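I opened my notebook to jot down what I looked up in this one. Here are my entries, in the order I made them.

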Amino acid sequence: MSKYSLNIAVKYGETLREFSNKSEAENYFISYKDNLLNRLKAISIQTSAFFLDYTIESLKNLEKWYFDLYEKQSFGQVGLTQEEFESMMSVYWGEVVIKNNEDAKWVVMEYPFSQKKYEFLVNKGLCSVSVVNKFHDLYNRQSNKRRTLLFREYNRYFAK
């Protein structure tokens, strides 16, 4: 690994949450995931804007809803900040991976470049993808002109 790459890895590690042990991290992240998914479900039922069916196609609908809220600057009208909505999209994306791949699972791992810092990942075989803040500032991604990044990222990493 180059010195530049190592610097990036260490800086990323500094952004991760610190826990005293893996069990504490697992408890936190499972609760984090469940809370966000429950909130997303409640909001989607209340607004009828999106249906959580955990299909791969639903990722396109979730992203459409996100961009509708972003363009109207109306995240507050559904009781959320943009950052909270982006966090919900990230864990929903992970849950879609889990529900559509029988050998996929949620994993909490200590980050190798920082002690006591942990990541929350979806894992299938040799592929692991961190989900916390995965879609932060999605509106600003240069590679998302078609506004289907969630769907394309699923297919990139986890299509059968």
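Predicted model: local features only at pLDDT ≥ 70, side-chain atom pairs only at ≥ 80, totals over all residues.

I started with tyrosine 92 and skipped its neighbours within four places in sequence. Tyrosine 92 is in contact (heavy atoms within 4.5 Å) with residues including Leu37, Leu40, Phe50, Leu59 and Leu62.

Residues are numbered from 1 along each chain as its sequence is written, and side-chain values use heavy atoms, leaving out hydrogens and water.

Next I looked up the largest nonpolar core, which has 44 residues. Such a core is a set of buried Ala, Val, Leu, Ile, Met, Phe, Trp, Tyr and Cys residues joined through side-chain atoms within 4.5 Å; buried means under 20% relative accessible area, exposed over 50%, partly exposed in between (1.4 Å probe, protein chains only). Tyr92 is among the residues with the most contacts inside this core, as are Leu62 and Phe85. The largest share, nine residues, comes from α4 (helices are DSSP runs of H or I, at least four residues, strands are E, at least two, numbered from the N terminus).

Then I checked α3 against α5. Leu59, Lys60, Leu62 and Glu63 in α3 meet Leu149, Leu150, Phe151 and Tyr154 in α5.

Last, I looked at asparagine 133. Asparagine 133 has a positive phi of about 60 degrees, though not a glycine. Most residues other than glycine have a negative phi. Asparagine 133 sits in the loop between β3 and α5 and is partly exposed, at 41% relative accessible area.
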